[in-house]
Amino acid sequence: MATQETPLIQARGLEGVVALDSELCFIDGQQGTLIYRGYDIFDLARHTSFEEVAYLLWNGHLPNRSERDELLARLQAERTLPPMVAELLGMTPEDASPMAVLRSAVSALALFDAEADDPSPEANYRKAIRLTARIPVLLAAFDRRRKGLPPVPPRKHGSTAFDFLHMLTGEEPGEAAERTFDTCLVLHAEHGLNASTFAARVIGATLSDIYSAVTGAIGALKGPLHGGANIEVMRMLLEIDRTGRDPVQYVKEKLARKERVMGFGHRVYKTLDPRAAILRDMVEALSEERGQRKWYDYSMKIMETMEREKGLYPNVDFFSAPVYYMLGIAPDLFTPIFAMSRITGWTAHLLEQWKDNRLIRPRAAYVGPRNLAVRPLDER
Ligand code: ACO
């Protein structure tokens with residue numbers, strides 16, 4: 001008996017498609033509003049730390065002091081790498097892309113986690129904490145090794161921002177640098193069903209494990225149309241600086257060649273991304289403080305040109321690039337740092353997915369030929 005097919009809806013790139021219900025994040029792309037679990041991003045950026053936001057995303061409410069301290073202590077205790085994963089980092093080519101290293105190392109972490117395939121919510125929460133604690137250790141260890149510097153072991157105290165900057169540079173960051181970096185982590189923690197989070201949920205929805213889902217998400221984030229854009233933004237700013245080009249002319253020529261200017265445009269925001277507004281202020285403050293006003297000036301000229309010429313606004317990747325650069329971080333670490341924060345959003349989505357799971361499986365409209373007959377091999 002013929003059964004009736006569900007009507008098909010076509011949306012290229014799934015634009016405008018609502019795939020699931022989520023309590024994690026609300027975005028109003030027309031107004032430029034971003035809310036994590038009911039809290040506006042401006043309020044969170046001003047008044048919370050990355051660890052508090054991680055707690056909020058995972059548990060649904062902002063922590064009180066003892067809940068925050070307990071999470072921080074668990075994160076600190078997990079800032080360690082299984083010896084085999086540390087050894088793997090030691091064998092990684094020094095010129096490897098840090099995102100490729102991160103993807104491989106996160107996948108390898110699963111091999112040394114006795115709970116890797118335990119699907120219970122309690123084990124998944126522990127793994128979310130473990131991953132959040134270990135990604136900064138992995139990245140700092142790889143960066144120092146490729147620079148020929150001795151590793152700096154985690155202090156296992158202080159915030160994620162503090163210990164990461166310390167492991168990266170070998171020096172304790174000042175309060176201002178720690179706070180700036182911490183705010184960047186808050187801003188990047190969650191953003192609805194973006195490509196990498198969707199990838200994580202698609203993998204999670206097959207009832208695969210958290211490491212597989214996060215490894216896939218890292219692969220999605222790596223692309224220059226998603227998290228990889230921040231590296232390209234810095235390449236552009238550095239090229240403008242090195243060649244002494246006028247940023248306005250530079251951008252106009254790029255557009256005339258029909259090239260994309262990275263850090264602009266967004267599938268959801270049709271106005272200024274609120275995270276970009278916060279980061280823009282951070283670029284201005286850091287440029288003044290460090291006597292490097294040029295990064296702010298170049299960025300503002302590019303922003304004004306893109307709005308005038310294309311009606312496009314900066315996204316989170318545009319102003320985060322000069323912020324990280326002025327904090328002394330290598331440009332190819334910008335996307336891994338995004339992952340270091342977004343791991344909280346990815347894992348919060350996975351915990352949510354598994355509470356009420358359904359396989360995610362869209363359809364493709366078939367546009368190939370039909371009714372072909374197979375001819376014998378010698379006659380083709
Ligand atoms: N530079 C120049 N033109 C652009 C840009 C850009 N950055 N972004 C969009 N456009 C143009 C496109 O060429 C297209 O023009 P057309 O209609 O004349 O061909 C139009 O705007 C619509 O672009 P789409 O690619 O269809 O928009 P979509 O929603 O699919 O893409 C995306 C969104 C991928 C973010 C896009 O704006 C882009 O490529 N931006 C640059 C990369 C970037 O910054 N990515 C980071 C996004 S934020 C994040 O993921 C963390």
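**Close-up views of helix packing and the ligand site**

**Figure 1. Packing of helix α8 against helix α13.** The axes of α8 and helix α13 (residues 274-289) approach within 11 Å and cross at roughly 165°. The model shown here and in the other views is predicted. Angles over 145 degrees count as roughly antiparallel, and α8 and α13 are therefore roughly antiparallel to each other. The crossing of α8 over α13 is left-handed. Sorted by class, the contact of α8 with α13 comprises six nonpolar residues, three polar residues and one charged residue.

**Figure 2. Packing of helix α8 against helix α15.** Helix α8 (residues 175-188) and helix α15 (residues 316-326) have axes that come within 11 Å and cross at roughly 160°. This pair, α8 and α15, is therefore also described as roughly antiparallel. Again the crossing is left-handed, with α8 passing α15. From α8 the contact draws on T180, F181, C184 and H188, and from α15 on V316, S320, V323 and Y324. The contact of α8 with α15 contains five nonpolar and three polar residues, and no charged residues.

**Figure 3. Packing of helix α5 against helix α6.** The axes of helix α5 (residues 98-111) and helix α6 (residues 121-146) lie 10 Å apart, and the two helices pack at an angle of about 130°. That angle makes α5 oblique to α6. The crossing in which α5 passes α6 is right-handed. P98, V101, L102, A105, V106 and L109 of α5 meet L131, R134, I135, L138, L139, F142 and R146 of α6. Eleven residues of the contact of α5 with α6 are nonpolar, none is polar and two are charged.

Figure 4. For N315, a polar side-chain atom lies 3.0 Å from an oxygen atom of the ligand.

Conventions: Residues numbered from 1 in each chain as written. Predicted model: local features only at pLDDT ≥ 70, side-chain atom pairs only at ≥ 80, totals over all residues. Heavy atoms only, no water. Axes fitted to C-alpha atoms, helices over the stretch in contact; angles between N-to-C directions. Helix = DSSP H or I, 4+ residues; strand = E, 2+ residues; numbered from the N terminus. Parallel < 35°, antiparallel > 145°, perpendicular 65-115°, else oblique. Left-handed = near helix turned anticlockwise from the far one by under 90°. Contact = heavy atoms within 4.5 Å. Nonpolar A, V, L, I, M, F, W, Y, C, P; charged D, E, K, R; others polar. Polar contact = N/O pair within 3.5 Å; in protein donor to acceptor, adjacent residues only side chain to side chain.
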